[in-house]
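Here is a short tour of one model, with its sequence and 3D view shown below.

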Amino acid sequence: MESKDLRQTYYRYLRYILAKDETTATSYDKYMALAYVVRSELTDNWIKTQRKYSSQNVRRVYFLSMEYIFGKSMSQNILNVGIEESIKQAVAALGFSLNELYEQEDDFELGNSGKGRMASCYLDSMATLGIPAMAYGLRYDYAQFQQRLNNGMQVERPYDWLHRGHPWEIIRPEYSCAVDFNGTCALCDEKNSLGPYAWNAGEQVHAIPYDVPIVGYRNDVVNTLRLWSARASEEFLPDYTNHGDYVRACEEKSELGRITKVLFPEEDVRRSTEMRMKQQYFFISASLQDIIRRYKVSNKDLLDFDKKVVIHLNGSRCALAIPELMRILVDVEGVPWEKAWNITSNVFSYTSHAMHKDHIESWPIYKVTQMLPRHMQIMFDINQEHLENIRTTFSSDEEIVRELSLIEEGDVKRIRLANLAVLSSFSVNGVSRIQTDILCKKLFPVHSRFFPNKFRNVTTGVAHRRWLLTGNPELSDLLSATIGSSWTVDSDQLKLLEGKLNDRSTLQQLSDVKLAAKRRLCDYIESVGGRHLDPYALFDVQVGKIHPGKRQVLHLFHILNDYLRIKSGATIVSPRVHIFSGKASPSDFLAKQIIHLISVVSDIVNQDAEVAKKLAVVFLPNFGMTHAERIIPAADLSEQLATPVFEAAGTFNMKFAFNGALTLGSRCGSNIELAEKIGEPPFYSFGKMIDELLSLQAYTPFALTEADKRLKAIFNLLEEVLPSLPDGNSVYPLLSSLRDTDRYFIMLDFDDYIRQQERIDTAFGDQWEWGQKSLLTIARCGYFSSDRTILDYTQNIWKVAVS
């Protein structure tokens, strides 16, 4: 549309949808009206895309994930639809700033971890590649918690992201469905022990769908993300006839509608609270019912279900989809057990993110039996047939049988959801080469022998358009001016930048773009924290989840080591600004102590005038995608320090690399593959390999600490400072864990890490060479686009056509 038409549409939405005019409209009203304008621009393509999929009756991918992290949607949708210039002109004519409206949007973050960010990147690539796909998730009322600091310690508060409305969603009440819990099951035919069964449920919850458009990049494709919200049914619980208390009955019913109230923080997966279990099943049941309903629109025979449908499970939390599909096929649709199992085992593909058996979801059988009696019976029956098959065709060794069983024996028997997903899926993949190797050799060694053709690797990637075109438009403009714009849809084209490594004009422009991004970040930090920073310093960044396994402490010890060196008169070649941002899980007390330690180190460094020109430490609270889009373009150095035996993949390393930051990384997850593609340097690797850590026989961190003068001096400094600080003693358990056990091998890798930091310190002093390394990093990271990842899934796992 032309700018004039967009303005007219804006005024129409402002008046007739929001009931405001220019004199009463708030900044958020203006954002909402413009969002409706953009949504109206993509709606026709949304309808056409869905009509095309339906009329052609194509094989579709249904992507199930408990988490999605998008950040803000406005700028991304404007970019993908291709109306940036018209929108800019319209907004300018309306008399306000587009950036001001962007700031009004609340972050769309329905997740805690990298799985949620990965899922969002995958949806972007599926739409851009024209994959006939639909995704499902939960519409949590309260998204990832908000974080603030009180005396340097994290304090959580709820984030009601919907309280002002969400313009990108459309409610679809006509596709609501009922989800049952509890109750009893009865066999319909005594002659057939495998079913069908009649489930007389004790509770029922309604699932209300909300659709969110996923816009492909300028290809007229708009896929759908369907999010489920729980609402109590209109029927009272059975005991109402006994007590007759209407108010009490309404309160009891309202409890059932709270299933999607809260996004549960990442915690021990073995803590199977009733609400957490209900949440997962609610999501699965609503999604499966909807998938089958959609299938029936164009197909009559459910025996062909697996020919038209592939359901991808993003993690073991989605594994209940397997018994749920079996229940629907056998109990509702009347499909015989064997045929139902044949369909089920050919429908699901499964991605595992696990690195340890402790990370694998398992539920107490007594709880599952109470909440989902029919599903527990189905899983028992699947397991019985599975074990009989093992003993007949593979091995009668009871140790092997126990390893392959879906049931974990013990004082409390548990159902292993990951084992269920591996058994029932036609494909099982990891998210990095090394993590896939661990899946096959450490987590599922017997499974990989029993199912030798199931396991494969699909190295994860990121939506490079989001992190360049949307997140860093100045760099994107430079790349397009240098090598053309085809890199936006074919990230391999970035390799053409290697031909510009000795082009002084290109390197100067790259330096100017980076400096401008650093100045913008400095201005923002000064506006929220009052601290003035030097944009010419090396911006050394570590963001993301705060956790002992991410080893922020290693970074802090480097800062304190430099601090002590400066105090002793040593020369630091390159001044640095160390930037941290991230959240700790509310129940992870060691992670919270890391945040407190960052605050302590910040006070030590920033309040010492003697080191002020060489070092600065900043922690930006309430990390999210908006913060990431501010920080990543400004980073000179990206620190990816996770302990190899605890990191599956990681994607922030890729986001920083696409934006030209050099990487200092441990030998873990996708770091290994990124280092191979980019080269060393500009990738600086350090620390032990995963095999070295796993084979470590005797390790005494206390002795190592005592033998290393640098570490000893750091601990002495902290022990001298902490008693004088408010709540300083709360950091002692963290420090004690480092010297006593050092589970994450921080002390072990310290020496190698410091050596690499010294190399980086020298390298940044030569800005010409640093610029070459930065450009080389961008040129060689095209492989890590999620477009490549999704093509891998499409061609080798899902077997769906690209439109």
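Predicted model: local features only at pLDDT ≥ 70, side-chain atom pairs only at ≥ 80, totals over all residues.

One place to look is I407, which stands opposite I415 in β17.

Stepping back, the open sheet is formed by three strands in the order β15-β17-β16, with antiparallel pairing. β15 (362-364) and β16 (407-408) each have a single partner strand and stand at the edges, so one side of each is left without a neighbour in the sheet.

## The second largest pocket

Now for the open spaces. The second largest pocket holds about 1100 Å³ of space. Its lining is made up of 33 residues, and those nearest the centre are N99, Y102, T470, G471 and P473. Elements that contribute two or more residues to this lining are α3 (74-81), α4 (84-94), α5 (98-104), α19 (464-470), α20 (473-483), α21 (504-529) and α24 (625-631).

Which element gives the largest share of the lining of the second largest pocket? That is α20, with five residues. Sorted by class, the lining of this pocket has 12 charged, 12 nonpolar and nine polar residues.

## The largest cavity

The largest cavity has a volume of about 310 Å³. It is lined by 23 residues, with F70, Q76, S120, D124 and R466 closest to its centre.

Two or more lining residues of the largest cavity come from each of β2 (68-71), α3, α6 (114-128), β11 (203-215), α19 and α24. Among these, α3, α19 and α24 also give two or more residues to the lining of the second largest pocket. The lining of the largest cavity divides into 12 nonpolar, six charged and five polar residues.

## The second largest cavity

What volume does the second largest cavity have? About 190 Å³ of space lies within it. Around this second largest cavity are 18 lining residues, and N112, R117, Q144, K545 and K583 lie nearest its centre. By class, its lining has seven nonpolar, six polar and five charged residues.

Notes. Residues numbered from 1 in each chain as written. Heavy atoms only, no water. 1 Å grid on protein atoms, 1.4 Å probe; cavity = no way out; pocket = protein on both sides within 12 Å on 5 of 7 lines; lining within 4 Å. Points joined across faces, edges and corners; volume = space filled by probe spheres on them. Helix = DSSP H or I, 4+ residues; strand = E, 2+ residues; numbered from the N terminus. Nonpolar A, V, L, I, M, F, W, Y, C, P; charged D, E, K, R; others polar. Pairing = 2+ DSSP bridges.
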